[in-house]
Every structure is written in structure tokens, then in C-alpha cells.
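Keep the structure open while reading.

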Amino acid sequence: MVQISPYTFSAIGIAISIGVSVLGAAWGIYITGSSLIGAAIKAPRITSKNLISVIFCEAVAIYGVIVAIILQTKLESVPASKMYAPESLRAGYAIFASGIIVGFANLVCGLCVGIIGSSCALSDAQNSSLFVKILVIEIFGSALGLFGVIVGIIMSAQATWPAKTA
Amino acid sequence: MYGFEALTFNIHGGYLEAVVRGHRSSLLTASDYNNLCQCETLDDIKMHLSATEYGPYLQNEPSPLHTTTIVEKCTLKLVDEYKHMLCQATEPLSTFLEYITYGHMIDNVVLIVTGTLHERDVQELLEKCHPLGMFDSIASLAVAQNMRELYRLVLVDTPLAPYFSECITSEDLDDMNIEIMRNTLYKAYLEDFYKFCKKLGGATAEIMTDLLAFEADKRAVNITINSIGTELTRDDRKKLYSNFGLLYPYGHEELAVCEDVDQVRGALEKYPAYQSIFAKLSYGESQMLDKAFYEEEVKRLCLAFEQQFHYGVFFAYMRLREQEIRNLMWISECVAQNQKSRVHDSVVFIF
């Protein structure tokens, strides 16, 4: 383990944070979108309101981008002698973990919001008083992604590389 | 995996499921039926129906209307919706949708064969066939003289071919044998459909096996009651029961030896689900049995819509629509024959 450079871990963490979040957002959007299109044939009034579900899924991808940008500002160069010092390793692992936290939390959040959004579109088409109530469930679902972002940012805040001078 | 269909169902089936749920919202409600039951003439019925989704289909019909025209146009609407869904579907949904129509195909085949036996004109028979069950070579059914020719000439190319292996036994076609043929075919079809649904797995398997089991049991009871007093032997009767469902195998043993309706009631009261159906009828009465069964079926079909991400909604919608067309036919007939007091005898409200 100590032979792998901490920069590898950091880079993979950043990649996972953005890549897997976008996967979750896209998955959620297609689940909602296909049901929304079909249901809007008989009930065209639902289209504008139900775009909120798609926006919630999209927000998940934005969280991933924000965290990826924050993480990449934490990367600093250290001289080769210090690369395997415990401090560097710790910083590398912190960025890696932060990326995984954000990526997978956003993946499941995107899925959750997508499935609820699909049910929301179908029930709104039958009975419009249900929309606001199911929207509350979606809001709780999208809070999951937010938890992931908060924890990820806290993790990455402690990613301090060793100082350049010895 | 059961429970995780939500993740991938919408790739191929999401749009069509939403479309079918939209169609379901246009089924006639109890208030529509109340309005229709109060109509005096068929033109009143046409006027009420033009406010519902059936409007475009009925508006060009000239008066005087016939009940058969109303039913035909309503069936046409169902066929249009079905064809729209079928052409948008991918596997395995397209196979599933095709399975739903095999029952009508069997009915059409039997209709043409019976009609030919009684020397009716082929064109006239073709017009009476159900449009969902048409296939290309259906007109040439009238040419066949016995089972083997029937099979060899026509049926081997249709999807019904595998169901015929069980009934090629009897050679000549007379009225009794044709009914037996119809029930044997239907039994083979139900078992095939059941196996197919089980293979699909997940929520589809669970919901569809439930609905098909009820269908199989309903047919078993109907076969029993209809064959009381005929020369159908007990073994033959038992061969017509499907090999799945709540009544299999012990209920079938009891039903096979029943000689009148009260014995049937006794056999079925051991099953709580069916006991409630028979509780609605008083002793010795069997006319209302059909309506009781339809009511129970409608209740179960509506429950299929409670879950999302499965194919059972398509089957349930087709059956509910057929029930609605049966209701409309009954109401139109009662109005046309001035028997409005009997209108509520056979109308099953869907919601």
C-alpha cells in the first residue's frame, strides 16, 4: 500500500466524485423522464410541474462537480523525499475517501430521486392533489446527496500536505 | 432480483407503462354508468359516450344505432390502443402483449369451426371474430374437415400451434368435441402463459401468477357447472382443469365428482378466497355466479395497478377494458329491449 503514490489516490478520488455522481444523476433522470413523457400524453398539465424531479436529479450532478473542484484545489506538490511521509499519505487518503463518499452518496441519491420522480409523475397524472405530497418525499431523498457532500467537504478540509521546506 | 426492478424497468418499459396508466384513467366510472343506466334510447347512450373517450369512435355512426355497432366501435378503440402499445414494445414486453391476445385467437378459431359445421358463410363469420384475435390465414379455417387438416393447413403457422398437441386425439368435429377442444386449447394457453410469466420473474411473476391462478380456478368452476348433466365423464372433466392455481390439485379432485351446484359450493367453501364469492349467492342459485366472479376479478385487476415497474398493468388494463365493453353491451341490450329494470343485474362497476 505504501508504494502507491498518494497522488494516485487523490486523482482516483476526484474522478470517482464527479464520475459516479453524474452516473447517478443520469440514471435518475432517465427513470423519471420516460415515465413523465408517457404520462404527459393523457395529462399534459403535469409536464411543467414535474420538471422539478428532473431538476433535483440534476442537482446531484452539480454537487459532484462542486466537490471535485474543491478537491482538486487541495492538491499540492510535495518534494519527492516527502512523498511517502505519513502526512502526505494521510492527505492522499483523505481526498480519496472524500471522493468516494460524495460519488456513491450521489449515486444512490440520484437513483432515489429518479424512482420517486417517476411515481410522482404517474400519480400526478391521475390525481393532481398528490403532487405536493410526493414532492416532500423527494426532498427528503435529495437530502441524502447533501449529507454526502457535507461529509466529503469536512473530510477534505483536513487534507494538509507536509510543508515544502524541510 | 425482486425489489430492484425500479432500477432498470424504465429503460424499455417506462414509457409504455405510463401510457397504459393514462389509458386506465379513462375507464368509465360509477357516475358514468349511472348516467348510462338512465338512458331511454340508444341515441342517449351515444350522446353520453361522446363525452367520454369513446366520442371520436361513435360520432360518425348514423342513427338508428344497433347495439352491435356500439360494441364494435368500443372494441375498435381497445384494438387501436393495443396496437399502438404493441408496436412500441420491445422484448419481452412484446411477447407478453401477444400472449394476452391468444385467448381471443382461440375463441375465433372455435367460432369459425363451429360456424362452418353449421354451414354459415365464411365472410359472415369473419365479421363476428374478435379483432384482437385475428391472424393471417384465419379464413382458410373454413376449409378443414377434421382436426388433422385443421392443424396441418392452418394452425401450424400460428402461435397456437404448440397448444394443439393435446387435442389432436379426436378426429371428427362435432359440437361436443369442439367445446372440449376450446377448453383444452385454453388450458394449454394458460399453462404456457403461466410458465412465461414465471420465467420473467420479479414483480411481474408474482402479480401475473396470482391473476392467472384466479382465471384458471374460475374456468375450472365454470367447466364443472356447465358440464353437470352432460355426458362428459369425470376423467374428461379433470383433464380440462389447468395444473396450477389455488384449486390444484385437491380442489380439482373434489370438483371432478360434483353433480350439482351445491356440491360445487361445498367444494369451494374450503378456500377462503372463493368462499366470499359463494357467500353472495343463496343456495341453489347459479345465475349470479358469473357476476360474482367478475366482481372479484375486477377487484384483483385494480390491485395490480398498485405496484409500479411490472407488466401486470398491461394485462389488467386489457381485462378491465373488456369488462367495460361487456358492461356497455349489457346496458345497450337492456335499453334496446326496454328491460331497464334488469340493467343492474350484470353491470360490474370498476370504480
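Chain B of this predicted model is divided into domain 1 (1-82 + 310-350), domain 2 (89-200) and domain 3 (217-309). Take domain 1 and domain 3 of chain B. Their centres, taken over C-alpha atoms, are separated by 26 Å. The two are in contact: 25 residues of domain 1 of chain B meet 13 residues of domain 3 of chain B.

Now look at the open space. The second largest pocket has a volume of about 340 Å³. The lining has 19 residues. Nearest the centre of the pocket are B:Glu5, B:Thr8, B:Phe9, B:Leu200 and B:Gly201. Helix 1 (5-24) of chain B and helix 10 (202-226) of chain B each supply at least two residues of this lining. Helix 1 of chain B gives the largest share, five residues. By class, the lining of the second largest pocket has ten nonpolar, seven polar and two charged residues.

The largest cavity has a volume of about 60 Å³. Which domains of chain B give at least three residues each to its lining? They are domain 2 (89-200) and domain 3 (217-309) of chain B. The residues that line the largest cavity include B:Asn183, B:Tyr186, B:Lys187 and B:Leu190. Also among them are B:Arg219, B:Ala220, B:Ile223 and B:Tyr241. Helix 9 (175-200) and helix 10 of chain B each supply at least two residues of the lining. The classes in the lining of the largest cavity are seven nonpolar, two polar and two charged.

The second largest cavity has a volume of about 40 Å³. Its lining consists of B:Leu211, B:Phe214, B:Glu215, B:Glu297, B:Arg300, B:Leu301, B:Phe315 and B:Arg319. Helix 10, helix 15 (289-303) and helix 16 (312-336) of chain B each give two or more of these residues. The lining of the second largest cavity divides into four nonpolar, no polar and four charged residues.

Turn to chain A. An unreviewed UniProt entry places the feature "domain: V-ATPase proteolipid subunit C-like" at residues 12-71 and 96-155 of chain A. Residues 12-71 of chain A are 95% helix and 0% strand, with end C-alpha atoms 11 Å apart. Residues 96-155 of chain A are also 95% helix and 0% strand, and their end C-alpha atoms lie 10 Å apart.

A:Ala94 sits in helix 3 (residues 86-126) of chain A. Is A:Ala94 buried or exposed? A:Ala94 counts as buried, because its relative accessibility is 7%, under the 20% cut-off. A:Ala94 touches A:Met155 and A:Ala159, leaving aside residues up to four places away in sequence. A:Gln158 is 64 residues from A:Ala94 in sequence, yet the C-alpha atoms of the two are 7.4 Å apart.

A:Ile137 belongs to helix 4 (residues 130-157) of chain A. A:Ile137 counts as partly exposed because its relative accessibility is 46%. A:Gly117 lies 20 residues from A:Ile137 along the chain, with 9.5 Å between their C-alpha atoms.

Notes:
Residues numbered from 1 in each chain as written. Chains lettered and ligands numbered in written order. Predicted model: local features only at pLDDT ≥ 70, side-chain atom pairs only at ≥ 80, totals over all residues. Heavy atoms only, no water. UniProt positions renumbered as here; feature names shortened; annotations may be inferred. Helix = DSSP H or I, 4+ residues; strand = E, 2+ residues; numbered from the N terminus. Buried < 20%, exposed > 50% of the residue type's maximum accessible area, 1.4 Å probe, protein only. Contact = heavy atoms within 4.5 Å. 1 Å grid on protein atoms, 1.4 Å probe; cavity = no way out; pocket = protein on both sides within 12 Å on 5 of 7 lines; lining within 4 Å. Points joined across faces, edges and corners; volume = space filled by probe spheres on them. Nonpolar A, V, L, I, M, F, W, Y, C, P; charged D, E, K, R; others polar. Domains from an automatic or database assignment.
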